[in-house]
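Subject: Structure for your review

Dear colleague,

Please find the structure below, followed by an account of what was found in it.

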Amino acid sequence: MSKVLYEKDIQKEVLQAKKIAVVGYGSQGHAHALNLRESGYDVVVGLRPGKSQQKAEEDGFDVVPVAEAVTKADVVMVLLPDEHQTVVYEESIKPHLEPGNAIAFAHGFNVHFSQIVPPRDVDVFLVAPKGPGHLVRRTFEDGGGVPSLYGVFQDVTGNAKELALAYAQGIGSARAGVLETSFQEETETDLFGEQAVLCGGLTSLVKAGFETLTDAGYQPEVAYFECLHEMKLIVDLMYEGGLENVRYSISDTAQWGDFVSGKRVVNDETKARMKEILRDVQSGEFAKGWILENQANRPQFNAINAKENNHPIEQVGRELRELMPFVKQPLQGKQNDEQK
Ligand code: NDP
Ligand code: MG
Ligand code: MG
C-alpha cells in the first residue's frame with residue numbers, strides 16, 4: 001500500500017520563511033488563501049480587478065495584480081481556471097519568476113499537456129485537493145481536511161517535495177491524508193474520474209434512470225426523488241463507510257437488487273467504454289478537443305449546457321427544491337458564474 005502522510009510526517013519550516021502568492025480567488029483560491037493564512041503562512045493574493053478581488057479584500061488579504069503578486073512571492077500557486085492559465089502565465093507570471101522560486105498547481109493539466117512549460121530554474125509541484133474548494137474551506141473550519149495528492153515535476157532547490165508537503169499541510173490536507181503522485185497520474189486519473197464516474201458517469205446514470213421511469217408513464221416528481229434526491233443519502237453512507245455501509249443501511253431487498261441488477265447496468269460493455277475514455281485521456285485526444293473548444297469560444301460547450309439545463313429532470317427538480325428550502329446551499333466559492 002502507498003504511504004499516506006499526516007501532520008506528524010510534515011515539516012512546516014521550509015514554507016514558513018516564504019511568501020505565497022495565491023493567484024485566483026475562486027473555488028480553490030479562497031480556500032487555499034484562508035486556510036494557509038490561518039495555518040500561519042504569509043499570503044498575498046494575485047487577481048485582476050473584479051468580483052473575486054473585492055471578496056479577497058473583504059477577507060482582509062493584500063490583493064494586487066498577478067504580476068505584482070508573483071514578484072513579491074517565493075511560491076506561486078496558480079488557481080485560475082485551467083483554460084485561462086496559459087495566457088495569464090505567459091503575460092503575468094513567467095516574466096516575474098526568479099530562479100529558485102516555486103510555481104505550483106492544483107491540477108496537472110497544463111504542465112502535463114505542455115500548455116505551460118515552466119522555466120528550468122524554478123521548482124514545480126502540485127497539491128491537488130480531492131474535493132471542491134468550498135469543502136476544502138468548510139472541513140478546515142470544522143477541524144478536518146480534504147485529502148490531497150502532491151507531486152513534484154521539477155526540483156531545482158532540493159526542497160520541492162518538502163514545500164509541497166508543507167503547502168498541503170497548510171490547507172488542512174494533512175489532517176485527512178496526503179499521498180504522493182506524479183503530474184501524469186494526477187492529470188489522467190482526475191480527468192478519467194470526472195468523466196467516467198463522478199460527473200459524466202453519475203449525471204448520465206441519473207438522467208437515464210429518470211427517463212426510463214417517466215417514459216414508462218410514472219410521475220416526474222416520483223422519478224426525481226427516486227433517481228436524484230436519494231442519491232445524496234446513498235453517497236453520504238458511501239463516504240462514511242464504503243459500499244459495505246450502504247448495504248448495511250439499505251433493506252435486504254434493495255441489497256439483493258443491487259447484487260442482481262447493478263451489473264446489468266454497468267457491465268463489460270460499460271467498462272470497455274471506460275477504457276476508451278481512459279485511452280483518450282492518456283493520448284491527449286481529450287485535452288486537444290478541450291483546448292480547441294476553448295479557442296473557438298466554446299460553441300459546443302454552450303450549446304450542450306443550454307440543452308442540459310432544460311432537461312425535464314432539471315425543470316421538475318427546480319420546482320421541488322423550491323418546496324424544500326432546507327436542501328438549498330449556495331454554491332460557495334464559485335463566483336465567476338458567467339463561466340458556469
Ligand atoms: P474558479 O473558476 O472557481 O476560480 C477562478 C479564479 O480565477 C477566480 O477568482 C477568477 O477571478 C480568477 N481569474 C479568472 N481569470 C483570470 C484572469 N485572467 N486573471 C486573473 N484572475 C483570473 O477556479 P477553480 O478554483 O475551480 O480552479 C482553480 C484550479 O484548481 C484549476 O487548476 C482546477 O483544475 C483546480 N481544482 C479545482 C477543483 C474544484 O473543486 N473547483 C478541485 C481540484 C482542483 P474573477 O472573479 O476575476 O473572474
Ligand atoms: Mg478535475
Ligand atoms: Mg427504495
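The domain assignment divides the chain into domain 1 (4–181) and domain 2 (193–339); such bounds come from an automatic or database domain assignment. The C-alpha centres of domain 1 and domain 2 are 30 Å apart.

This is a predicted model, in which local features need pLDDT of at least 70 and side-chain atom pairs count only at pLDDT 80 or more, whereas totals for chains, interfaces and linings use all residues. Residues are numbered from 1 along each chain as its sequence is written, while chains are lettered from A and ligands numbered from 1 in the order in which they are written.

The sheet

Nine strands make up an open sheet of mixed pairing, in the order β1-β9-β8-β7-β6-β5-β2-β3-β4. Strands (E, at least two residues) and helices (H or I, at least four) are DSSP runs, numbered from the N terminus, and two strands pair if DSSP finds at least two bridges between them. The edges are held by β1 (4–5) and β4 (62–64), each with a single partner strand, so one side of each has no neighbour in the sheet.

Strand β2 (residues 19–23) is mostly covered, with four of its five residues buried. Here a residue is buried if 20 or more other C-beta atoms lie within 10 Å of its own, exposed if 12 or fewer, and partly exposed in between, the C-beta atoms being placed from the backbone. Five bridges join β2 to strand β3 (residues 42–46) in the parallel sense, and V23 has G46 of β3 as its bridge partner. Between β2 and β3 the chain passes through helix α2 (residues 27–38), in a β-α-β crossover that is right-handed. Right-handed means that, with the strands pointing away from the viewer, the path from the first strand over the helix to the second runs clockwise. β2 also pairs in the parallel sense with strand β5 (residues 75–78), over four bridges; V22 is partnered there by M77.

Strand β3 is largely enclosed by the rest of the structure, because four of its five residues are buried. Its pairing with β4 is parallel and has three bridges, and in β4 the bridge partner of G46 is V64. The crossover from β3 to β4 runs through helix α3 (residues 51–58) and is likewise a right-handed β-α-β unit.

An antiparallel pairing is found between strand β7 (residues 123–129) and strand β8 (residues 148–154), which are joined by six bridges. V124 has Q154 of β8 as its bridge partner.

The helical part and the annotated sites

UniProt, in an unreviewed entry, places the feature "domain: KARI C-terminal knotted" at residues 182–327. UniProt positions are given in the numbering used here, with feature names shortened, and the annotations may be inferred rather than shown by experiment. Over residues 182–327 the chain is 86% helix and 0% strand, with 38 Å between the end C-alpha atoms.

The annotation "binding site", from the unreviewed UniProt entry, covers D190 and E194. D190 is part of helix α9 (residues 183–198) and counts as buried because it has 20 C-beta neighbours inside 10 Å. S251 is also listed by UniProt under "binding site" (unreviewed entry). S251 lies in the loop between α11 (220–249) and α12, and it counts as exposed because it has 8 C-beta neighbours inside 10 Å.

Helix α12 (residues 252–265) has 14 residues and reaches 20 Å from its first C-alpha to its last, close to the 20 Å expected; the expected span is 1.5 Å times one less than the number of residues. α12 has a kink of about 35 degrees centred on F259, where the bend is the angle between axes fitted to the seven residues ending there and the seven starting there. The number of buried residues in α12 is zero, so this helix lies largely in the open.

Finally, L320 is located in helix α16 (residues 312–322) and is partly exposed, with 16 other C-beta atoms within 10 Å. L320 and S27 are 293 residues apart in sequence and 27 Å apart in space, C-alpha to C-alpha.

Yours sincerely
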